[in-house]
Amino acid sequence: MAEMGSKGVTAGKIASNVQKKLTRAQEKVLQKLGKADETKDEQFEQCVQNFNKQLTEGTRLQKDLRTYLASVKAMHEASKKLNECLQEVYEPDWPGRDEASKIAENNDLLWMDYHQKLVDQALLTMDTYLGQFPDIKSRIAKRGRKLVDYDSARHHYESLQTAKKKDEAKIAKAEEELIKAQKVFEEMNVDLQEELPSLWNSRVGFYVNTFQSIAGLEENFHKEMSKLNQNLNDVLISLEKQHGSNTFTVKAQPRKKTKLFSRLRRKKNSDNAPAKGNKSPSPPPDGSPAATPEIRVNHEPEPAGAATPGAALPKSPSQPTESPAGSLPSGEPSAAEGTFAVAWPSQTAEPGPAQPAEASEAAGAQEPGETTASEAASSSLPAVVVETFSATVNGTVESGSGAGRLDLPPGFMFKVQAQHDYTATDTDELQLKAGDVVLVIPFQNPEEQDEGWLMGVKESDWNQHKELEKCRGVFPENFTERVQ
């Protein structure tokens with residue numbers, strides 16, 4: 001029974017609401033057609049217009065404030081990333097590292113505090129302010145519906161009164177409904193008439209408080225942020241004063257094979273030392289003098305079979321001449337040896353017994369500057385032939401165009417100029433000053449060359465002494481620049 005009653009009440013209420021909607025719709029149509037008059041209240045209509053304008057402005061202010069807060073949060077994240085980058089690039093040995101880290105932490109806290117205060121003092125207040133508008137808007141709409149009900153009841157009552165056949169019962173009922181509709185409308189109308197103007201006037205104080213809060217928070221934030229930025233600026237100025245005058249230091253690659261010349265001298269001495277038990281060379285079995293090959297130095301390529309006069313090495317054993325390339329197998333050029341290689345020619349056939357006259361004629365026919373067989377034998381030096389080849393330095397083949405020039409060291413490849421000062425750290429290194437010109441020569445043994453290092457002699461030392469052994473040395477390639 002209860003369910004039946006409940007359903008009946010619900011159905012009756014729905015039917016009543018439907019009937020009210022139909023009546024209101026009919027009344028509005030009649031009012032628009034001019035067949036029924038409409039109750040007008042211009043003062044209230046002005047209050048409604050102000051209310052709608054106030055709602056639009058408040059909604060926009062809320063939207064822009066949320067956008068501002070999102071921007072503050074984005075700036076906070078960007079500032080945080082920037083400070084993290086500063087911490088990463090700030091090297092541990094730089095002064096003020098701890099101060100910069102502390103400033104970054106305070107910067108982060110300041111952004112967080114600013115954002116939270118904006119939420120509490122501006123956004124939440126804005127939300128509370130706009131929270132009252134939906135209820136008032138709903139009441140304004142309901143007041144409009146009650147006004148239509150009042151007009152409809154009034155028109156119905158008037159129509160019954162003007163009818164030719166009057167029904168007093170219907171007239172009394174219509175009058176009762178009119179009074180009821182008028183009472184409901186007037187109650188709502190009076191409340192809104194008082195509330196809407198008050199709400200409209202409250203906007204001034206609300207806007208003032210809101211923008212004052214935002215401006216005050218922003219002022220304090222920027223004031224504190226300015227202090228942090230000034231502190232950070234002082235730290236960076238201190239860093240600049242201590243490191244601003246320092247330039248990038250060019251460092252040579254580390255050498256693994258140090259004291260190159262001392263090792264070469266030890267190796268040379270061990271190679272030149274006579275074997276034990278064989279201190280003097282054995283004479284030829286037939287008693288003839290030892291056959292010594294002819295010594296010839298070729299600075300330029302020559303045709304096959306052509307003789308080169310005046311190219312003999314020193315005759316005296318007291319003035320030995322060391323070949324810059326060392327000893328090599330016969331006829332094998334070496335690119336690593338520089339622009340010239342040394343070859344051992346095969347021994348000539350032993351000369352047979354000669355008549356004194358023939359010997360004198362041979363001596364008379366000898367070209368000036370040539371070395372006789374007896375002089376070559378007395379020198380007890382190995383015979384060498386020097387020819388030009390290309391040299392390889394750090395994997396680059398260099399031309400040997402300067403190998404035959406008398407004003408350049410043997411094997412000269414190219415010139416470099418020092419761009420930075422270099423202080424020698426070992427006895428086999430060159431001391432360089434910016435602007436020094438170095439004549440680059442090849443390493444005698446490519447295995448002795450360290451990566452990033454070249455062999456050479458300063459041009460000034462070479463022009464003054466012309467002694468390769470005393471003047472040459474190694475130097476870092478990255479301290480120089482090739483000029484020729």
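This briefing describes salt bridges in the structure shown above. The model is a predicted one. Across the whole structure, a search finds twelve salt bridges. Side chains of opposite charge can pair when their charged atoms come close.

**A pair within helix α2**
- Arg 60 and Asp 64 form a salt bridge, with their closest N and O atoms 3.6 Å apart.
- Both residues belong to helix α2 (residues 42-89), where four residues, about one turn of the helix, separate them.
- Arg 60 has a relative accessible area of 60%, and because exposed means over 50%, Arg 60 is classed as exposed.
- Asp 64, at 41% relative accessibility, is partly exposed.

**A link between helices α4 and α5**
- Glu 195 and Arg 139 are joined through their side chains by a salt bridge, at 2.8 Å from N to O.
- This pair connects distant parts of the chain, since Glu 195 lies in helix α5 (residues 168-243) and Arg 139 in helix α4 (residues 133-162), 56 residues apart.
- Glu 195 is partly exposed, its relative accessible area being 28%.
- Arg 139 also counts as partly exposed, with 23% relative accessibility.
- A network of salt bridges links Asp 135 with Arg 139 and Glu 195.

**The pair of Lys 470 and Glu 467**
- A salt bridge brings together the side chains of Lys 470 and Glu 467, with an N to O distance of 3.3 Å.
- Lys 470 is exposed, at 70% relative accessibility.
- Glu 467 has a relative accessible area of 34% and is partly exposed.

Notes:
Residues are numbered from 1 along each chain as its sequence is written. This is a predicted model: local features need pLDDT of at least 70, side-chain atom pairs count only at pLDDT 80 or more; totals for chains, interfaces and linings use all residues. Side-chain values use heavy atoms; hydrogens and water are left out. A salt bridge is a side-chain nitrogen of Lys or Arg within 4 Å of a carboxyl oxygen of Asp or Glu. Helices (H or I, at least four residues) and strands (E, at least two) are DSSP runs, numbered from the N terminus. Buried means under 20% relative accessible area, exposed over 50%, partly exposed in between (1.4 Å probe, protein chains only).
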